[in-house]
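Me: I would like to learn how to read packing and chain contacts in a model of this kind. Could you take me through it step by step?

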Amino acid sequence: MGSDFVALSLPPLLIGLCASMACALPGNFLILRKQALIGDAISHVVLPGIVVAFLFTGQVSTWPMMIGAAGAAITAVLLIELIRRVGRIESGAAMGVIFTSMFAAGVLLLEQSDTSQVHLDVEHALFGNLESLIWLDAEGWASLFQIKALAGLPVELLRMATVLLAVSAFVYIFWRPLALICFDEPYARTRGIAATALGFALVTLTAIAAVAAFDAVGSIIVIAMIICPPATARLMVNSLRSQVIYSQVLAFMATVLGYMFAGYVPLWLGFSNTLSAAGMIASMSGVFLACAALFGPHRRRNI
Amino acid sequence: MLWSALSLTLGYNATLVTLGATLLGIATGISGTFLYLRKNALISDAISHATLPGLGAAFLLMTGAGLDGRNLIGLLGGSAISAALGLMIVTWLTTKTRLSQDAAIGSVLSVFFAFGVVLLTVIQALPAGRQAGLETFLLGSTAGMLFNDAVLILVLGAITTSILVLFRRPIILVSFDSTYAQTLGISPQKTDYLVLAVALAVTVIGMKIAGLILIVALLIIAPVAARFWSEKSDTIILISAIFGGLSGYLGTAISATAPGLPTGPIIVLCSFVLFLVSFLLAPRRGVLAAARSFWVFQRTVHMTQGLLSIAQNQPIYEPKTKRILQRRGFIRADGVATQAGRALAAKTLLNERRWSFWRNKMQQTGDLDESIVYSLVSIETKLTHDQIESIDRGLSEEQQERV
Amino acid sequence: MTNFALIADNGAFVEKNVDLESAALNIQGMTVSYGSEPAIYSVDFNVAKGTLTAIIGPNGAGKSTLLKAVMGIIPTVSGQVRFFRKPLSKMRHRISYVPQRASVDWDFPATVKDVVLMGLYPTIGFFKRARPVHLDHVHSCLRKVGMQDFSDRQIGQLSGGQQQRVFLARALVQNADVYLLDEPLAGVDAATETAIISVLKDLKKSEKTVIVVHHDLSTVKDYFDHVLFINKSPIAQGRTAKIFTEENLSITYGGQLSAAKSGLAGA
Amino acid sequence: MNRRFFLGSLSAASGITALPLVGKEIAINIVATTSMIADTARSIGQGSVKVKSLMGPGIDPHSYRHTRNDIVSMTKADLTLRHGLDLETQMEDFFADLSRKRSVVAVANTINPQKLLNYPGQTGRYDPHVWMDPLLWTLVTDQIALALAKEKPEKEDQFQKTAALYKSKLIQLNEYAKTVLDTVPNKSRVLITAHDAFGYFGKTYGFDVIGVQGISTNSEAGLYRIKEIVDLLVEREISAVFVESSVSDRNMRALIEGANARGHKVSLGGELYSDAMGIEGTYEGTYVGMLDHNITTIAKALGGNPPDLGWQGKLKAT
């Protein structure tokens, strides 16, 4: 069992953990700023980015697709912020207008450049699959210490670890101003904080983290992890600091439990087919949210 | 070609799809506006994602019971039930917990979709049944609209529009201020469920006919665009219906003129163009109009202020005022007023004095209109010639008293 | 900039000997508009150091707009703002602003201490944690407003008056020289009103400048030594004793005078 | 749903069992990505192979989601047979990694590009649906036989023999197809389907092939395309259009309504298998059966007169 676990389950688990926690962290601020749906918006917006990347590079490999998707995501975030502020439109509607139009533009581009013959849809070109991130060079726990074996680790692990680090650094550095612009943005301006720029940086960083996570583990985990762990934590605690810590713990638990329920429990129950890990992880975070919504100590609105 | 498409003479499919898309645009434009006014525009996205588990469960149940897993009514029913369940949870989360609306929508959307995917991987392992392409099985394509689809849209559109128009008042009241509505005896829960039920019907059926992204787009873009043109909710609903119908009509026509133009996405892009036009050009709320009127107002304010300062040889503080006056040749580079500047300054000062004299008189008679900023308006345009003469006489009398 | 003399013409009295330039707050020709509707037009306003000034006027007179424009929260059409002759960008640490209570979601996950600490934002840098000296300072400011026992309470569980005191404590923590408060006494209990006013009076005694948007005319005379009458444009400004007259009130409030009258009777 | 049914059907489905001992000989443990490859591998390997197909019959590669036991079975298999030609784009990185440590053979990648259909405007990218042409599939059969021989050299000649037998069956099927499809009048040799998967069928048997939509799941047909095909239906008096098991039939019904409106009767010629085979255990659930079904259905619908139950009389009576 040992070598199997290390080779086939350890890497997906670690990558899943990095992705979930990297998405849950900014989620805490996004749900307070009513921008929780940014993950869903970005998952639709990446199509034109991919088609453009394909037209330029002609191949369906990882880096071009990720750069194209990141480009599209940042453009979308810019446009959403622009029409929200200048047109005084509610942020949900602003997201709706932009992501549906960009997706439509993507399909049009797909048809016009008749790349619709190629398997160039989002599901295949960009979205990764958690279970297929394995580490064949591993013989057992010992390989964790052999440099040669470590070279065989899936590259997504390094990428997601860096993303997690970057997001944690951003949140740690800008902790106070972020809390301030979420609580009282006009007051933050009087204290000299560039509130608009900081808000934009938060959303852009989340967009880039989301695209990297799309490539590693697919969109389902990203969209759920940006919202459910922070929302669950919000119903359980009353201080922003503990909310962030709780959201990380919840993301961790949802990933581990979800992965076990998808990959191992069906086999223990005698079935021969396992289930989608991404789907189960996100569903698990939904179960946590449901429990918190029913029994969470701070679920009610105070005033 | 475009003309024949527009005049519905381009053959059966084009005509049918044009009519169907236009009707769908109108119906979604109207129901979308109510969603927009209630600030949950993205509810339709949540509904569309929440259908997946229902789809999977229905397929499993029907195959388990030995029926054909792909029977349309069963799948549609399953999707509708799970979407309705999702909606109830969103409403419950929003009212019973401290979560904001978009967090509730986001969590239901993501968790339901995820559970749907888990069910799909269960189905995938079943040997029996024809589960290939189940996920996209329910998603229609606009160009492939059938006759009974168009009829269904007509019926659905008629029902939803009449319900919403009938209950327009209470719904708008609740979305504006639900506590006040309660005092009038309107129950916010009932109106909420009514609007959400309509959104559910439009999304689930619309998804089957026209595809997922088109329905979400039609429900969001037209109302947002319409909002730029009016402040009255009734007019917004009307304009949104027109925008929806127009984008459906134009989109289909364009899509019929050349190859490689998918109908759904073209309709979405047409409504986006309508949004762009409204966003930029709408008279008051439009960005360009607002910017222009702000800029004109700013220029007048700086001009008047600057000239009054010149007239009373006060220093001009703001660099912007100096720039504006200089550009118009009223002051020289070193800030000294030119001949023209002095003349206009005197005129502005006189205008100011006359207005302040007139304001005091209006004050006593009590019909002073507070909203107008008098000093920005030249008095000749507002009062008659002899009224101005009487003011001047009054001013000169005051002058004698003070001297 | 409109000339002071002009304002004098329509009967309002203006302090002549205030040094325009070195005032704690000097506003020249400020105009703000929402769309093309002017909210305030050509406001000149001058506040001497060490005074306690009220800004009064009917609903929609632009009182709160003026404060927000001075603090740079909303864009202006025209106008120049100087604190002791320097622009706001150079004086941020010496200016303290208390927004309206309703402008914030009080269900936010934060304790009273967290909110008051926000006032120390620039001094406690990005990385550093709040050191004991900061926490003592926070605690002393909370004691000034009588909220020392609520330090770890979640802000949503406070009454309106208590929330207003927390906002005031957040302002005090900055040790600023000029304080601008937007309707601090609106809808608060009597005990909070007296507590807040005594704090403001202490500030005045220690040569700080306090400017308050106020709505209750009955308390203007007892609480404030200077007043600005405004209704889109300034009507009158100066020492309360001199200009808090029937005439200025009628010019400012016009039709709404009856409501104001009842307020005056109480003075 | 009752648990008994659920448990029963799931465990019966293919799964990793104990060491694949068949008779006394240790069988080669093979995982095939598509059911077509699995079916051919079983026919060649017969007793000495244990084949697990990732995508069971009735599942198409577009919407398949890999779960953990697929990955486990591939890492444990002696040989993984995959299709190639970009059919499994979402698994490219995984197969690249797997092939470093295990033997992975892309059976269709080695076909001579001249024989393959190029995409309009794309160089080096080919239509992957080679299984639509039995002759091309004989090349794939050779690849599979070679791969099996590499795993079990001592069985090489036996594999050659079974492969030759299988190939002769394919050639006879091809003959049957030619004779049956020739009965279709020249004018209506037009195959209209939901998505563009029958290129090779058209190339081999001289049919014009028109797919309403592209292969990518995000692709969507435009009205111009629908009108174009309806005009074609009327001009060439084509009597039937075909639905596919893995794609929604909405576009096809719209074509039928469009043609009927112009007074030309068109019917649904029946359901063809494009990316997925029939239900497991049925004749249509095998590669030969799937093609036989397609050939017979097309011939019958477009005016030919094929034997009702197809080449070997094993087709399910429609």
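Me: What percentage of the residues in chain C is buried?

Reply: This is a predicted model, in which local features need pLDDT of at least 70 and side-chain atom pairs count only at pLDDT 80 or more, while totals for chains, interfaces and linings use all residues. Residues are numbered from 1 along each chain as its sequence is written, with chains lettered from A and ligands numbered from 1 in the order in which they are written. A residue is buried if 20 or more other C-beta atoms, placed from the backbone, lie within 10 Å of its own, exposed if 12 or fewer, and partly exposed in between. In chain C, buried residues make up 50% of the 267 residues.

Me: Which residues have the most contacts inside the largest nonpolar core?

Reply: In soluble globular proteins, nonpolar side chains tend to be buried together. A nonpolar core is a set of buried Ala, Val, Leu, Ile, Met, Phe, Trp, Tyr and Cys residues joined through C-beta atoms within 7 Å. The largest here has 410 residues, and A:Ala22, A:Ala73 and A:Ala213 have the most contacts inside it. A second, separate core of 11 residues includes B:Leu307 and B:Ile331.

Me: How many residues of chain B are in contact with chain C?

Reply: Two residues are in contact if their C-beta atoms, placed from the backbone, lie within 7 Å. By that criterion, 22 residues of chain B are in contact with 22 residues of chain C. Helices (H or I, at least four residues) are DSSP runs, numbered from the N terminus, and helix 14 of chain B gives the largest share of the side that touches chain C, 10 residues.

How values were computed
Helix = DSSP H or I, 4+ residues; strand = E, 2+ residues; numbered from the N terminus.
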